[in-house]
Amino acid sequence: MDLEERLAVFIDYENLALGAREHLGGMQFDFGPIADALAVRGRVVARRAYADWSYFDEDRRMLTRHQVELIEMTQRMGASRKNAADIKMVVDAIEMAFERDYISTFVMCTGDSDFSPLVHKLRELNKRVIGVGVEKSTSRLLPAACDEFLFYDRLEGVEVPDEDQGAPAPKRGSRARKSGTTTERATAQKAPATSRRAKAAEAVAEAVAGASAPETSAEAPAEAGTKPATRRRKKAEPAPAPAEALQQAEAEIEAVIEAEQEEDAPGASDVPMEVRVAQTLGDLQSSTSGAVTASALKRTLLRKDATFSESDYGFRTFGEFLRFLADREFVELAPGPSAGDPEVSLPEQGDTDAAFALLRDVVQEANGSAALSGLKNAVRKRRPDFSEKALGFRGFLQFAKAAEAAGTVSLAWDDDADDYLVTATA
């Protein structure tokens with residue numbers, strides 16, 4: 001335990017959140033993949049995020065769920081929003097480097113090259129520095145200054161929308177985006193979407209469209225030759241004012257966002273335990289040079305989820321749980337440094353052709369066709385260590401399109417399902 005790395009995480013939140021929104025198809029930044037990536041690199045003892053949180057009010061819950069301390073940088077009129085947060089972040093990092101000798105690694109979550117002098121100073125103080133940033137918004141000077149740099153959009157668990165993923169959208173005029181509000185934030189996060197958020201976005205768009213011209217349907221009689229109103233409303237019920245309609249729309253989308261955030265909370269995931277073990281083991285193998293032991297694997301699982309216990313799955317010891325997974329060829333065991341601490345590794349995943357064949361087999365088992373949205377989980381039920389990123393693909397959609405190019409499956413957009421339909425080829 002004394003040889004474990006101890007990490008302090010400093011987050012330039014505005015840089016990451018806006019970088020993800022502008023360069024990753026409008027998706028909302030999520031700290032979860034970063035937390036998982038850092039869990040395999042050591043024990044995180046401090047997490048701080050710096051921003052004027054009045055601009056990121058919706059993100060507070062996501063960060064506090066990951067035990068991130070929110071440092072408020074309230075801005076005055078005319079003040080530079082950028083410099084205030086940056087200077088505070090630098091001062092805190094240098095102070096922690098001198099006062100807490102046990103911290104061996106500093107994680108700077110930003111893509112701003114202004115932090116390069118800080119990185120150099122921390123390395124002078126014999127501290128290891130890991131950088132994290134969105135690839136397209138990261139200065140090319142910063143990664144070279146760090147000991148290790150992680151691009152957010154390449155992390156496991158970050159589903160970056162494909163450039164043409166949102167192109168075949170349903171031909172409905174109600175999917176209008178409302179600029180600068182939570183409606184845009186919700187509808188742009190996942191495209192195409194099959195969740196409740198998509199349905200709520202349609203309701204919001206209809207409410208906004210109705211609020212823009214309430215007098216037309218409520219007061220003025222329909223002229224000859226014009227189309228009748230398609231929205232039904234009780235005659236005795238007055239049309240809501242535009243401000244009330246907008247407020248009601250934003251309240252509805254906020255309720256959906258909060259519900260999905262609660263479902264995405266740690267411990268509420270439906271991911272099978274063998275998939276979590278395989279993902280964690282794969283991260284450990286890629287981030288360490290030596291063999292991964294059972295004790296190191298369990299410590300990392302506990303960093304990701306402090307409530308983890310093999311007894312919840314019917315096993316008396318962690319070794320018994322690993323032997324269960326080894327019997328089903330999910331992992332491989334070898335003698336370790338001690339009798340009760342074997343080395344754990346993943347079986348060979350194979351090349352892309354084997355992965356394409358696996359995808360086709362899973363689709364064939366689903367009566368020859370399946371929706372893309374739930375297909376990745378089905379593949380991982382057959383192969384828990386499956387990762388399209390380990391094969392060089394940035395997302396599962398890109399992997400499926402590569403399989404289509406190889407002639408393994410075919411993809412077609414289904415307007416009714418609001419999703420891609422994947423069909424196995426002969």
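**Reading the sheet and the salt bridges**

Analyst: In strand E9, Glu 343 is the bridge partner of Thr 293. This is a predicted model, in which local features need pLDDT of at least 70 and side-chain atom pairs count only at pLDDT 80 or more, while totals for chains, interfaces and linings use all residues. Residues are numbered from 1 along each chain as its sequence is written, and side-chain values use heavy atoms, with hydrogens and water left out.

User: In what order do the three strands of the open sheet stand?

Analyst: Strands of a sheet pair through backbone hydrogen bonds, either parallel or antiparallel. Here the order is E7-E9-E8, with antiparallel pairing. Strands are DSSP runs of E with at least two residues, helices are runs of H or I with at least four, and both are numbered from the N terminus. Two strands pair if DSSP finds at least two bridges between them.

User: Why is one side of E7 and of E8 left without a neighbour in the sheet?

Analyst: Strand E7 (292-293) and strand E8 (332-338) are at the edges and have a single partner strand each, so one side of each lacks a neighbour in the sheet. Helix H11 (residues 273-287) packs on the sheet and touches E7 and E9, where contact means heavy atoms within 4.5 Å.

User: How many bridges join E8 to E9?

Analyst: Four bridges join E8 to strand E9 (residues 341-345), and Glu 332 stands opposite Ser 345 in E9. E8 and E9 form a hairpin, with two residues between them. E7 is joined to E9 by two bridges.

User: How many salt bridges does the structure hold?

Analyst: Side chains of opposite charge can pair when their charged atoms come close. The structure holds 20 salt bridges, each being a side-chain nitrogen of Lys or Arg within 4 Å of a carboxyl oxygen of Asp or Glu. One of them pairs Arg 41 with Glu 148, whose closest N and O atoms are 2.9 Å apart. Arg 41 lies in the loop between helix H2 (32-39) and strand E2 (43-51) and Glu 148 in strand E6 (residues 148-151), so the pair ties together parts 107 residues apart in sequence.

User: Is Arg 41 buried or exposed?

Analyst: Buried means under 20% relative accessible area, exposed over 50%, and partly exposed in between (1.4 Å probe, protein chains only). Arg 41 is buried, at 19%.

User: Which residues are linked in a network of salt bridges?

Analyst: The network links Arg 48, Glu 69, Lys 88 and Asp 92. Within this group, Arg 48 and Glu 69 meet at 3.5 Å, N to O. Arg 48 is buried, with a relative accessible area of 18%, whereas Glu 69 is partly exposed, at 42%.

Terms used: Axes fitted to C-alpha atoms, helices over the stretch in contact; angles between N-to-C directions.
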